[in-house]
Amino acid sequence: MTEIARPLPDPAVGSPPPTPNPARTGQAPISLRGATSEPPWVRRSLIGLALAFMTLFLFVPLGTVFYEALKKGWDVYLAALVDPDALSAIQLTLLAAAISVPLNLVFGVAAAWSIAKFEFRGKNVLLTLIDLPFSVSPVIAGLIYVLVFGLQGWFGEWLRDHDLKVIFALPGIVLATVFVTFPFVARELIPLMQAQGIEQEEAARVLGAGGWQIFRRVTLPNVKWALLYGVILCNARAMGEFGAVSVVSGHIRGQTNTMPLHIEIVYNEYQFAAAFAVASLLAGLALVTLVLKYLVEQRVKHQMKESQHA
């Protein structure tokens, strides 16, 4: 057979020049580590700068909150927490979180299941809508609910005729909280479910398992830590939400004020001890959430590594 001569690549066209072999040229091999690593003083400077920034803008303000809350003694601190308006704000905050977080849990699991396990028209639109609360101001979300459920809104007359109240009541606070927190659970579950694939569910289906059995015995154990992580983030945001709740609550003292709203009101009234006392309670809940978040985050990373090696 006649061998067909192949033209040599032209260096002018864009072919890369041959890499010289250090063993043949007699040169010392290039150390990739030395070419990419910074001097020790650069690393120390960056770490010191990061610690100084965190100390100035995070640790010092957080410590100031607890210092101001306890500055006048435990009696003043406890008196501010057992105040009827403060107790009402605490109860309303916990109640709104207790309602909105399970709702977002159900929505997040359903959305993540649909996006990760199925192909359907409008999938990218659903992904975009899930991220909508990240780009829309919470104040705008509150105004939307006022426009829809307020006395002059689309359903205002019908709600008034049926003696139902959404705005300036618990339902409006829950709706606003659900809106600003619903991406957290879904956004934690979607990447993990996509990384795991659908092989295990398909195997369970072949073995005769039903949809609920597949979810309870296959899918849920594989995503339980990511699910818990999303719930923790969702709960933290629900308890600390201010903008959307401020619009729909009406700031009715003892009725529709959550903890952030109560802090704003008593601070504007120059009741600094009461404001910092409730703020310290809210900060304490945030710190507990942060510790739980870190512990669960380690489990999530370990689970994702296991799914990648599987």
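1. A nonpolar patch lies on the surface of this protein, formed by I47, L51, F53, M54, L56, F57, L58 and F59, and together these residues have about 830 Å² of accessible area. Please keep in mind while reading that the model is a predicted one.

2. How many aromatic pairs does the count come to? The count comes to 13 aromatic pairs, and one of them joins F53 and F57 in a tilted arrangement, with 4.7 Å from centre to centre and 40 degrees between the planes. The pair counts as tilted because an angle has to be under 30 degrees to be stacked and over 60 to be edge-to-face. F53 and F57 are four residues apart in helix α3, so about one helical turn separates them. F53 counts as exposed at 52% relative accessibility, and F57 is exposed as well, with a relative accessible area of 53%.

3. A further aromatic pair is made by F179 and F182, whose arrangement is edge-to-face, with 6.2 Å between the centres and 70 degrees between the planes. Are these two residues, F179 and F182, buried or exposed? Both F179 and F182 are buried, whereas F53 is exposed and F57 is exposed. F179 and F182 also belong to a cluster in which ring pairs link them with F107, Y145, F149 and F155.

4. If residues up to four places away in sequence are not counted, L189 touches G108, V109, A112, V223, A226 and L227.

5. The protein contains 16 helices and zero strands, and 36% of its 310 residues count as buried. The accessible surface comes to about 19900 Å², and carbon and sulfur atoms account for 66% of it. When contacts between residues at least 6 apart in sequence are considered, 72% of them join residues that are at least 24 apart.

6. A last point concerns a loop residue. Where does Q255 lie? Q255 lies in the loop between α14 (243-249) and α15 (259-268), and at 56% relative accessibility Q255 counts as exposed, because the limit for that class is over 50%. Leaving aside neighbours within four places in sequence, Q255 is in contact with S88 and L92. Q255 and F168 are 87 residues apart along the chain, and their C-alpha atoms are separated by 8.9 Å.

Terms used: Residues numbered from 1 in each chain as written. Predicted model: local features only at pLDDT ≥ 70, side-chain atom pairs only at ≥ 80, totals over all residues. Heavy atoms only, no water. Patch = residues over 30% accessible without salt bridge, like charges linked within 9 Å, V, L, I, M, F, W, Y side chains within 5 Å. Areas by Shrake-Rupley, 256 points an atom, 1.4 Å probe, with all protein chains shown as cover. Salt bridge = Lys/Arg side-chain N within 4 Å of Asp/Glu carboxyl O. Phe/Tyr/Trp six-rings, centres within 6.5 Å; stacked < 30°, edge-to-face > 60°. Helix = DSSP H or I, 4+ residues; strand = E, 2+ residues; numbered from the N terminus. Buried < 20%, exposed > 50% of the residue type's maximum accessible area, 1.4 Å probe, protein only. Contact = heavy atoms within 4.5 Å.
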